[in-house]
Amino acid sequence: MFTPSGNAVSLGAGGITQTSGTTLNDFIPFTLTASQTWTVATPGQLILNGPATLALGANNLTISGDGSPSFSGNTVTGSGTITLLGTTSQTLTVTGNLNSTGAINVGNFATLNLSTPAAIATPIVVNTRGTLTDAIGFSGFMNAPLTINVGGTYAVIINGTAVLQFSRATVNTAPITLAGNLVVTNNTPAVAGTVYTIILNQTGSPIVGTFAGLPEGATFTAGGQTFLHRPPQHHRPIRRQHVHRRQHVLRRCATGADQHRHPRARSAVARGARSTAGRNRSHSHAAVTRAVNARRRNPVTSGNATTPSVRVLPFPGFHRCGCGDPKPNPASHFV
């Protein structure tokens, strides 16, 4: 292991090469004077510790190879970009401060693992064969846009139902753009109706797009349980519209007795029966339920603009499911 410390070092176009079997455990601040490529390898590691600030300036940094670089408590500044390009597998783990304003571009068998409690000022763009994940115990807090392009992946790990027990990103700056894949690793059982808010949208603008292959009502299985990806306008009980437009969720679906008709539908039947008393007409439970569901299928309207189904998901979410017909689920399950 090589552990340098001391005065700051200016790095020209030659960059850094960390060879297989070696570890660079750095405590020296680096300032880039030219765009460059760092090469990492495994076994071994390249670690920038707290004092090892990385000043990009306007220069771009490419990290290539199949190692496991780590920004371990240090601070990254500047306007240049960082591009992760693995050969078969590379993971950059960030536990420090991403204060640079140029994007981190994740692609080509690379993974960006956000394990920092600090706010992130760096835009994140996940491209083909790239992966973004949030470490368990942290909720990525982004003051910058998030983009998951076609072929990119957002990897979610579920170890429990509490906020810090599953992967979750909080995004405060628009836009949030989704077109890539969602991969869920579920390590724990959950009761029907459990909701996981995996992207919390606090930008004030709707998410653009949705995950590939997960349109409204799509279900998938992870860890032996079935989850539902559900746009909010179908959970329409009006009072929760604004909550709906802020989250993207997965929900655990009901099985067996859990699939009985929705309590809101039952109350609608009761109200229908009272309102028609003495008027020589009646509404069956099925008719009222159909009417309620038809109303929920109308798009949610905010102000003068109608929010399309793919944009009403400001939080990629999902819920644990086991039903073949994921229709009657209450809006309150999203909070």
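User: How many bridges join S5 to strand S8 (residues 70–72)?
Analyst: The model is a predicted one, in which local features need pLDDT of at least 70 and side-chain atom pairs count only at pLDDT 80 or more, while totals for chains, interfaces and linings use all residues. Residues are numbered from 1 along each chain as its sequence is written, and side-chain values use heavy atoms, with hydrogens and water left out. Strands (E, at least two residues) and helices (H or I, at least four) are DSSP runs numbered from the N terminus, and two strands pair if DSSP finds at least two bridges between them. S5 and S8 run parallel, and the number of bridges joining them is three.

User: Which residue does Thr-31 stand opposite in S6?
Analyst: Strand S3 (residues 30–32) pairs with strand S6 (residues 54–55) in the parallel sense, over two bridges. Within this pairing, the residue in S6 that stands opposite Thr-31 is Ala-55.

User: What is the angle between the planes of Phe-166 and Tyr-196?
Analyst: Rings of Phe, Tyr and Trp (its six-membered ring) pair if their centres lie within 6.5 Å, and planes under 30 degrees apart count as stacked, over 60 as edge-to-face and the rest as tilted. The structure holds five aromatic pairs, one of them formed by Phe-166 and Tyr-196, edge-to-face at 5.2 Å centre to centre. This pair links distant parts of the chain, 30 residues apart, with Phe-166 in the loop between strand S19 (153–158) and strand S20 (169–171) and Tyr-196 in strand S23 (residues 195–197). The angle between the two planes is 90 degrees.

User: Is Phe-166 buried or exposed?
Analyst: Buried means under 20% relative accessible area, exposed means over 50%, and partly exposed lies in between (1.4 Å probe, protein chains only). Tyr-196, its ring partner, has a relative accessible area of 0% and is buried. Because its relative accessibility is 2%, Phe-166 counts as buried.

User: Which residues do ring pairs link into a cluster?
Analyst: Phe-220 and Phe-227 form a stacked pair, 5.7 Å centre to centre with 15 degrees between the planes. Phe-220 counts as buried at 18% relative accessibility, and Phe-227 is buried at 0%. The cluster linked by ring pairs consists of Phe-166, Tyr-196, Phe-220 and Phe-227.

User: What is the distance from the backbone oxygen of Gly-96 to a polar atom of the side chain of Thr-116?
Analyst: Thr-116 is found in the loop between S14 and S15, and at 3% relative accessibility it counts as buried. Leaving aside its neighbours within four places in sequence, Thr-116 is in contact (heavy atoms within 4.5 Å) with Val-94, Thr-95, Gly-96 and Phe-138. The backbone oxygen of Gly-96 lies from a polar atom of the Thr-116 side chain at 2.7 Å.

User: Where does Pro-175 lie?
Analyst: Most residues other than glycine have a negative phi, and most peptide bonds are trans. A cis peptide bond, with omega about 0 degrees, joins Ala-174 and Pro-175. Pro-175 lies in the loop between S20 and strand S21 (176–178).

User: What is the mean pLDDT of the chain?
Analyst: pLDDT is the predictor's confidence in each residue, from 0 to 100, and it stays under 50 over residues 231–246. Where pLDDT is low, the predicted coordinates should not be read in detail. In the chain, 70% of the residues reach 70 or more, and the mean pLDDT is 77.

How values were computed. A polar contact is a pair of N or O atoms within 3.5 Å; within protein, one must be able to donate a hydrogen and the other to accept it, and residues adjacent in sequence count only if both atoms are side-chain atoms.
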